[in-house]
Amino acid sequence: MTHVLEVDNVVKQYGRDKRGEGGTVRALDGVSFFVDAGEFVGIMGPSGSGKSTLLNCISTIDAPTSGAIRVAGRDVTKMRGGELAQFRRDQLGFVFQDSNLLDTLTVRENIALALTIQKVPAAEIARLVEEVASRLGIAAILDKYPYEVSGGQKQRAAAARAVIAKPSLVLADEPTGALDSKSSKQLLETFSTLNRMGTTLVMVTHDAFAASWCSRIVFIRDGKLWGQIQRGAASRDEFFESVVAATTRLESEAADVR
């Protein structure tokens with residue numbers, strides 16, 4: 001399999017002043033793992049474990065202190081300026097806890113935005129938007145504005161926007177955090193559909209139910225890789241139990257250290 005994402009001995013350190021003085025905190029301390037094409041990987045860990053910092057580094061929102069992060073074979077830590085902006089636009093898709101849709105654009109226009117920026121022909125944009133909206137069950141809301149639709153519909157529209165340009169990797173940061181249980185399930189079904197279509201996803205979540213939709217979970221504790229579990233042939237219910245058991249064990253170990 002092809003590694004779409006490679007995180008190689010990544011360190012993220014905070015705290016020193018401009019003279020190199022003062023205490024430091026290692027939010028990430030030598031994290032390494034990879035994600036293969038077509039995987040749906042969850043990242044979990046206690047509050048303050050470093051999982052959000054890790055996602056910020058992968059997404060190029062933040063830069064690691066040391067180590068390498070390769071997406072589609074290219075080290076994003078070495079990119080700057082226009083090259084980085086173009087790579088982020090073309091190779092990464094994002095779904096945040098808040099959908100971050102633009103209220104001045106319709107759902108259709110929000111989904112099409114990345115293709116419009118890439119100057120894809122209008123007829124091709126229209127076809128692609130209709131196609132992805134149909135697959136994700138939001139065709140009926142395409143001409144509504146974000147403030148006219150539900151939170152779950154907004155998140156599915158955000159998912160459509162994230163994949164419309166066929167990025168190498170889609171990153172989701174607590175995407176179900178602001179949703180009720182019905183909307184959460186609908187969004188996770190959307191992610192599952194996208195994954196079956198070939199989209200590679202990495203999702204940070206604290207929720208075992210959301211994690212149970214993944215094919216693999218990477219656990220972070222105190223800025224380090226604590227362990228991983230694979231779904232394999234297990235049912236989603238069985239994998240949910242495995243996620244709960246691993247999370248309980250992780251939190252128990254963390255409490256013992258404190």
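Tutor: Please keep in mind that this is a predicted model. Let us begin with Thr193, which lies in helix H6, residues 181-196.

Student: Why is Thr193 called buried?

Tutor: Buried means under 20% relative accessible area. Thr193 has 18% relative accessibility, and therefore Thr193 counts as buried.

Student: Which residues does Thr193 touch, not counting residues up to four places away in sequence?

Tutor: Thr193 touches Arg135 and Leu136. What makes each of these a contact is that heavy atoms lie within 4.5 Å.

Student: Where is Ser59 found, and what makes Ser59 buried?

Tutor: Ser59 is found in the loop between helix H1 (51-58) and strand S4 (66-71). Its relative accessible area is 2%, and the cut-off for buried is under 20%, so Ser59 is buried. Leaving aside neighbours within four places in sequence, Ser59 is in contact with Arg88, Leu92, Phe94 and Leu171.

Student: Why are Cys57 and Cys214 called buried?

Tutor: The relative accessible area of Cys57 is 2%, so Cys57 is buried. For Cys214 the value is 1%, so Cys214 is buried. Both conclusions rest on the cut-off of under 20%.

Student: How many disulfides does a search of the whole structure find?

Tutor: The search finds zero disulfides.

Student: How do you know where empty space is left?

Tutor: Rolling a probe the size of a water molecule over the atoms shows this. In this model, about 400 Å³ of space lies in the largest pocket.

Student: Which residues lie nearest the centre of the largest pocket, and which elements each supply at least two residues of its lining?

Tutor: Of the 16 lining residues, Arg89, Leu92, Phe94, Ala114 and Arg161 lie nearest the centre. Helix H2 (81-91), strand S6 (92-95), helix H3 (107-117) and helix H5 (151-163) each supply at least two residues of the lining. By class, the lining has eleven nonpolar, two polar and three charged residues.

Student: What can be said of the second largest pocket, and which helix gives the most to its lining?

Tutor: About 260 Å³ of space lies in the second largest pocket. It is lined by 15 residues, of which Val163, Ile164, Lys166, Met197 and Thr199 lie nearest its centre. Helix H4, residues 122-135, gives the most to this lining, with four residues. The classes here are eight nonpolar, four polar and three charged residues.

Notes: Residues are numbered from 1 along each chain as its sequence is written. This is a predicted model: local features need pLDDT of at least 70, side-chain atom pairs count only at pLDDT 80 or more; totals for chains, interfaces and linings use all residues. Side-chain values use heavy atoms; hydrogens and water are left out. Buried means under 20% relative accessible area, exposed over 50%, partly exposed in between (1.4 Å probe, protein chains only). A disulfide is a pair of cysteine sulfur atoms within 2.5 Å. On a 1 Å grid over the protein atoms alone, a cavity is a set of points where a 1.4 Å probe fits but cannot get out, and a pocket is an open set with protein on both sides within 12 Å along at least five of seven lines; lining residues have an atom within 4 Å of a point. Grid points are joined across faces, edges and corners, and a volume is the space filled by probe spheres set on the points. Ala, Val, Leu, Ile, Met, Phe, Trp, Tyr, Cys and Pro count as nonpolar, Asp, Glu, Lys and Arg as charged, and the others, Gly among them, as polar.
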